[in-house]
Amino acid sequence: MFKTPSACIEANQDAVAKVVLMPGDPLRAKYIAETYLEDPVLFNDVRNMFGYTGTYKGRKISVMGSGMGIPSAVLYSHELYTFFGVESIIRVGSTGALLDDMECKDIVIAMGACTNSNMAHTYNFPGTLAPTANFDLLYDAVNISKDRGTKIKVGNVFSTDLFYNAQSDVPTKARDLGMLCVEMETAGLYLESLAQGKKALSILSVSDHFFKPEALTAQEIRESFNEMMEIALETAWRHAE
């Protein structure tokens, strides 16, 4: 067994593919592996953060949960990038919509991510770092969506450190500044990918709406985002071995 400096992932180095899909919920990782991958093998179950590797259309792809929030997502993405040689991570997550013309199960592809996290300050850059997606992954995901006839929105998202924010006007401000939705991991993943010289993309499905009485159940969030998952898998396939 390959030993990493952390006890968060315990797996052989060759057990993880070069491309990883990363939902927040480890049970969604299990669902994706069992639904879409051929011969999926569990490579990690430490802390129940399930990671699987299998094949999709003949190419090796992994899927692993990240947990909730930037600290957890960055922990797992850092280890995958640096300890296991992963080149690309595609987040497949849920998000809360901000725009009036959005509804549950709509798909957002995050071109960039605004955030209230202080993570960017750790790099001591003499300015403001802008966390953005890898263009090749973004380009492929957008074109795959168009080819499928899938309605998508592409643009800025807001990655918040706070699920319950004492400032109740934050969603309104985010909407007024052109952000599409609110979630909790994308900015951290994008910053980590920039720091490691790797690739990242975040594809999101709407699970609720900040200004409408719409929301999916936990099970629906876990098992009904198939369109998003398939776009992510097709994108991953183009970058897999």
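This is a predicted model: local features need pLDDT of at least 70, side-chain atom pairs count only at pLDDT 80 or more; totals for chains, interfaces and linings use all residues.
Local features were required to have pLDDT of at least 70 and side-chain atom pairs pLDDT 80 or more, whereas totals for chains, interfaces and linings use all residues. Residues are numbered from 1 along each chain as its sequence is written, and side-chain values use heavy atoms, without hydrogens and water.

Strand S5 spans residues 88-97. Helices (H or I, at least four residues) and strands (E, at least two) are DSSP runs, numbered from the N terminus. Nine of the 10 residues of S5 are buried, so the strand is largely enclosed by the rest of the structure. Buried means under 20% relative accessible area, exposed over 50%, and partly exposed in between (1.4 Å probe, protein chains only).

S5 pairs with several strands; pairing requires at least two DSSP bridges. Strand S1 (residues 19-22) runs parallel to S5 over four bridges. Here Met22 stands opposite Arg91. Strand S9 (residues 199-209) is also parallel to S5, over 10 bridges. Val92 faces Ile203 in that pairing. Strand S8 (residues 181-183) is antiparallel to S5, with two bridges. Ala97 stands opposite Cys181 in S8.

Ile203 also belongs to the largest nonpolar core, which has 70 residues. A nonpolar core is a set of buried Ala, Val, Leu, Ile, Met, Phe, Trp, Tyr and Cys residues joined through side-chain atoms within 4.5 Å. Leu21, Leu80, Leu201 and Ile203 touch the most other members. Beyond its neighbours within four places in sequence, Ile203 is in contact (heavy atoms within 4.5 Å) with residues including Ile90, Val92, Ile107, Ile109 and Met228. Another core, of six residues, lies apart from the largest one; among its members are Phe158 and Val182.

Helix H2 covers residues 70-83. Its 14 residues reach 19 Å from first C-alpha to last, close to the 20 Å expected. The expected span is 1.5 Å times one less than the number of residues. H2 is mostly covered, with 10 of its 14 residues buried. Among them are Ile70, Tyr76, Leu80 and Phe83. Just after H2, Gly85 takes a positive phi of about 70°.

The largest pocket is lined by 31 residues. A pocket is an open set of points on a 1 Å grid where a 1.4 Å probe fits, with protein on both sides within 12 Å along at least five of seven lines; lining residues have an atom within 4 Å of a point. Met68, Ser94, Phe163, Met184 and Asp208 lie nearest its centre. S5 gives the most to the lining, with five residues.
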